[in-house]
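Hi,

Here is the structure I promised to pass on to you. Could you have a look at it alongside my notes below?

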Amino acid sequence: MDFKDLPQGPLTLKNLTVPACYLGQTGDLRRIDISIENGRFCGLHPQADVIDMGGAMAFAPFTDMHTHLDKGHIWPRAANPDGSFDGAIGAVQPDRQAHWSADDLRRRMDFSLRCAYAHGTSAIRTHLDSAAPQDVISWPVFREVQQEWADRITLQAVCLVGLAEAVTDPAFARTADLVAQYGGILGCATYPMPDPRRAVQEFLTIAEARGLAVDMHVDETADPSSNYLRLIAETVLEMRFDAPVTVGHCCSLAMQEEAEAKQTLDLVAKAGLNVVSLPMCNMYLQDRRAGRTPRWRGITLVHEMAQRGINVSFASDNTRDPFYAYGDLDMIEVMREATRIAQLDHSSYDWTRAFSTNPAQACGFRTPSLAIGQPADLVICRARNWTEILARPQSNRIVLRGGKQIDRTLPDYAELDPIMP
């Protein structure tokens with residue numbers, strides 16, 4: 001239940017606490033009053049109901065820029081047998097072949113989006129497994145879901161295939177055309193292969209020919225010899241590729257020698273790559289060995305990236321599927337866990353941006369704002385500072401969309417029973 005019921009009509013919320021970056025300021029938190037009329041933020045309204053919020057923290061709605069809506073919630077029928085990356089791949093493939101019909105995808109995508117909406121997310125980028133023939137099933141379903149949710153969550157999609165498949169299988173040209181037709185992003189996952197430099201060049205050429213932005217799963221491994229991140233940055237610079245490029249995971253960077261990692265980061269900054277870290281999924285998968293305690297956290301060098309001005313974001317990644325057994329597309333959970341896993345506290349960088357403005361910029365979504373005239377969309381928590389908000393799950397938060405308090409009832413998992421074993 002929401003911690004407070006807000007009245008309809010013109011409204012002034014007094015004593016809200018917001019991150020300074022929302023106001024275009026430096027520093028940490030600020031106390032402000034916010035007025036709302038006709039679904040938008042406005043100046044002081046003399047006839048508004050005035051509600052003292054007691055210092056409650058407010059955020060602009062969140063942007064979750066790396067998810068997998070097509071895989072979501074298949075765990076009950078496709079559990080990871082050992083929690084490993086290979087175990088995840090081995091569990092997903094037969095489930096996709098056996099079950100990923102249009103109806104199955106639609107049900108699970110809608111379930112996930114209802115969760116994200118209730119938690120306060122307003123924009124999502126999802127990767128879609130797109131190896132033929134799945135591409136001609138998933139992309140039309142995504143378009144239907146995108147249109148159905150257009151007034152609640154802005155959606156983007158990225159195709160997902162292996163890099164080797166993208167540059168060697170003639171069928172991928174049709175997939176790339178499909179992505180362009182549906183206004184999507186060209187994506188792939190990198191793995192060890194012969195002549196990786198040429199493969200990256202060919203992949204970017206495919207995107208360039210269709211005017212597509214790129215989003216790649218990169219170096220999702222603890223192997224320090226895996227350095228696609230550097231290779232992508234070098235290739236973007238050599239080709240003068242000018243469409244937005246996002247790289248996700250980049251785990252192996254943290255396992256490389258310091259000098260090599262710094263050189264790679266300098267190239268990433270020069271190439272203008274966007275980076276998205278997926279701390280919950282990577283902590284789940286990376287460095288997992290039976291009977292052995294993991295030795296590292298699985299994430300990339302986010303602090304060093306921020307210091308170089310690289311656009312860094314955090315996102316949910318997988319949800320209740322073989323790559324991550326948990327999660328609920330809740331960006332406050334992602335913020336809480338990222339803060340702990342990556343030690344974002346005690347930092348001069350305002351990491352609030354990594355959950356809102358940074359991913360919006362990377363994806364080309366509308367930038368979240370509290371400015372007068374903008375839609376009155378807020379996530380308000382009964383917490384007055386960072387230690388209070390990150391200590392609890394904020395399950396009684398308020399979500400305002402267009403100035404109205406939404407029903408945050410989460411869907412029951414039993415709704416998915418008809419498509420589970």
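**What turned up**

With a relative accessibility of 72%, arginine 240 counts as exposed, a term that stands for over 50% relative accessible area, while buried means under 20% and partly exposed lies in between (1.4 Å probe, protein chains only). Before I go on, please note that this is a predicted model, in which local features need pLDDT of at least 70 and side-chain atom pairs count only at pLDDT 80 or more, whereas totals for chains, interfaces and linings use all residues. Residues are numbered from 1 along each chain as its sequence is written, and side-chain values use heavy atoms, with hydrogens and water left out.

Back to arginine 240: this residue has a positive phi of about 55° although it is not a glycine. Its place is the loop between H7 and strand E11 (245-249). The element names come from DSSP runs, numbered from the N terminus: helices are H or I with at least four residues, strands are E with at least two. Aspartate 195 is another non-glycine residue with a positive phi, of about 50°. You will find aspartate 195 in the loop between strand E9 (186-189) and helix H6 (196-210), and at 45% relative accessibility it counts as partly exposed. For the backbone there is also a cis peptide bond, from alanine 132 to proline 133, with omega near 5°. Proline 133 lies in the loop between E7 and H3.

Now to the rings. The structure holds 14 aromatic pairs. Rings of Phe, Tyr and Trp (its six-membered ring) pair if their centres lie within 6.5 Å; planes under 30 degrees apart count as stacked, over 60 as edge-to-face and the rest as tilted. The pair of phenylalanine 59 and tryptophan 386 is tilted, because the planes stand at 50°, with the centres 6.0 Å apart. This pair links distant parts of the chain, 327 residues apart: phenylalanine 59 is in strand E5 (residues 57-59) and tryptophan 386 in helix H13 (residues 386-391). Phenylalanine 59 is buried, at a relative accessible area of 0%, whereas tryptophan 386, at 22%, counts as partly exposed.

Tyrosine 117 and tryptophan 149 make an edge-to-face pair, 6.0 Å centre to centre and with 70° between the planes. Tyrosine 117 belongs to helix H2 (residues 102-119) and tryptophan 149 to the loop between helix H3 (135-148) and strand E8 (154-160), so the pair ties together parts that are 32 residues apart in sequence. Both tyrosine 117 and tryptophan 149 are buried. Arginine 152 lies over the face of tryptophan 149, 3.7 Å from the ring centre. A charge sits over a ring if NZ of Lys or CZ of Arg is within 6 Å of the ring centre and within 35 degrees of the ring normal. Arginine 288 has its charged end over the ring of tyrosine 284, 4.5 Å from the centre. One aromatic cluster is formed by Phe314, Tyr349, Trp351 and Phe355.

H2 itself deserves a look. Its buried residues include Asp104, Arg108, Phe111 and His119. Among the elements that cover the buried residues of H2 are helix H1 (85-99), strand E7 (121-129), H3 and E8; contact here means heavy atoms within 4.5 Å. Just after H2, glycine 120 takes a positive phi of about 110°.

Leaving aside residues up to four places away in sequence, glutamine 156 touches Ile124, Arg125, Thr126, Phe142, Ile185, Cys363 and Phe365.

On a 1 Å grid over the protein atoms alone, a pocket is an open set of points with protein on both sides within 12 Å along at least five of seven lines, a cavity is a set where a 1.4 Å probe fits but cannot get out, and lining residues have an atom within 4 Å of a point. Grid points are joined across faces, edges and corners, and a volume is the space filled by probe spheres set on the points. The structure holds two cavities of 30 Å³ or more. The largest cavity has a volume of about 50 Å³, and its lining includes Ser130, Ala132, Glu165 and Phe172.

Best wishes
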